[in-house]
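Please look at the sequence and the model first, then read the notes below.

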Amino acid sequence: MSSSLSLKQARRLALSAQGFGKPVDTAPSAVAIKRMLQRLGVVQIDSVNALVRSHYLPLFSRLGDYPQAALDQLAWGRGRQRQLFEYWGHEASLLPLALYPLMRWRMAQAARGEGIYRQLATFGRERQDVIARVLAAVREQGALGAGSLSTREERAGPWWDWSEEKHALEWLFAAGQVTVAGRRGFERLYDLPERVLPKTLLEQPTPSDAEAQQGLMLHAATALGVATEQDLRDYFRLSPAQSKAALAELLADGRLQACAVQGWKQPAYCVGTPRIPRRIEASALLSPFDSLVWARSRTERLFGFRYRLEIYTPAPKRVYGYYVLPFLYGERIAARVDLRAERARGELAVHAVHEEPEGLEEAGFHALARHLARLARWLGLERVRLDCARDEAARLRQALSDAPA
C-alpha cells in the first residue's frame, strides 16, 4: 500500500533516519559511536584538511564531542578494536565490517576491469607483471605504503600522476586482494585481508550479486528514511540497472514500500510504515561530504538548499567560499559557513556566514555560536575568530560574545 508524505514529514523522516534529533552528548559512549556508524552504513573519506578530515565530522555533527582516536581505533585498530573497513562505498569510504560480504561482487567486478576508473582498468589489463610483483612484496613484507614500493625517481604529481606501484596497489585494493591496514598520516598502508580482517568475516558465504545489491539498497533506504530510486542507488553508488533490479525485488517481497512525497516528481520508497517524529530539534554543522547532503539534487528536494562545492573553483569566482559547511537548524538548512582551522594560530577562522533566504533568527545565531565554540574546542583550537565582512557578521559576533567560554 502506498502512502503520501508532506515535505515536512519527509524531512523529519530523513533527519531521524540520519541520526539527528537526539540530544548531543559531550562524551558519547563507545556503544553510541558504533551504533551511529552502523546506522549510517558508510562514511565518506576526503583528503581536504582545511578544517579536519571529513570522515571525522559526521559523528561530531550527530553525537557531539567524541574523541577522534575512537574512530581511528574502529577504522584502523588491531584485532577486536577494528569495526570498520575501507572500500569504495560512496566514493572512498569507511563501512561497518558487516557490509564486507555485500561488497565482494564489486571487488570481483573490479578484478574484471569493470566499474572502476578507465585508467586503472587499463593498467589492470596491461600490467599484471607489476601487480604480481607488488602483491608479492605486500605478502612478504606486510603493511606497505605506495611510497615505500615506488621505483620512480621523481616525486609523484597530483591526482593520476601515480607510480606504477601505486596503480598496482589501487587495482589490488579495488579487486579485494589487499585492504587498508592503517594510515601513515593520510597515506594508505595496504596488507592482505587475512592479516587485517577477522577470519570469521572472511569465511562468511558470498551472497549472489543480486542479494548483495538488494542488501545495500535496503541499508540505504533505512539510512535515508525516505528516498527515490536515484537516492537509493547513489548511497552505495550502484548502477541504474543494478538498483532498478534490486528495487523491484525489494518491493515484490515487501521489504520496501512505495510512497509519494509532496513536490517530488519521482516516486519514493521507505522501509515499512513510516514512523514520523512530530518534530526534530536539531542543530549541526555538516561536512560537505555528509550523507545527509552529499546527494545535491536530494538536498535541494528536501531542504530547498542548493549546494555546490567550490574547492576547485578559482577564488574570484567563488560565491560562498572554499570549505563551506551547511548549518542545520531545526528542520531546515538555515545558513552556510566558510570555515578554516588555522592551527598555527590556534584559531577557528570564520571567513563567511551566509543566511538562507528564510533567514536565521537570533536563537539560531546563538546556536551557531555554540557550535562554533564547541567545534573549536573539539579541534583543540583556543578561540573562534570572525573574519567576515558580511552583514551577518555583527549578529554572529554578538552571539559569540554571549557564548560560554
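Two strands are said to pair if DSSP finds at least two bridges between them. The model described here is predicted. The notes begin with strand pairing and then turn to the nonpolar cores.

**Strands β3 and β4**
- Strand β3 (residues 84-89) and strand β4 (residues 91-96) are antiparallel partners, joined over six bridges.
- Leu84 has Pro96 of β4 as its bridge partner.
- Because five of the six residues of β3 are buried, this strand is largely enclosed by the rest of the structure.

**The four-stranded sheet**
- Four strands form an open sheet in the order β1-β8-β9-β7, and the pairing is mixed.
- Its edge strands, β1 (3-5) and β7 (227-228), each pair on one side only.
- Two bridges link β7 to strand β9 (residues 268-270) in the antiparallel sense.
- Across from Thr228 stands Ala268 in β9.

- In soluble globular proteins, nonpolar side chains tend to be buried together.
- The largest nonpolar core here contains 112 residues, and Leu51, Leu232, Leu339, Leu375 and Leu396 have the most contacts inside it.
- Helix α15 (residues 362-378) supplies the largest share of this core, with eight residues.
- Another core, of 24 residues, lies apart from that one and includes Leu5, Cys270, Val293 and Leu328.
- Beyond its neighbours within four places in sequence, Leu232 is in contact with several residues, among them Met217, Leu224, Leu247 and Tyr269.

Terms used. Residues numbered from 1 in each chain as written. Predicted model: local features only at pLDDT ≥ 70, side-chain atom pairs only at ≥ 80, totals over all residues. Heavy atoms only, no water. Core = buried A, V, L, I, M, F, W, Y, C linked by side-chain atoms within 4.5 Å. Buried < 20%, exposed > 50% of the residue type's maximum accessible area, 1.4 Å probe, protein only. Contact = heavy atoms within 4.5 Å.
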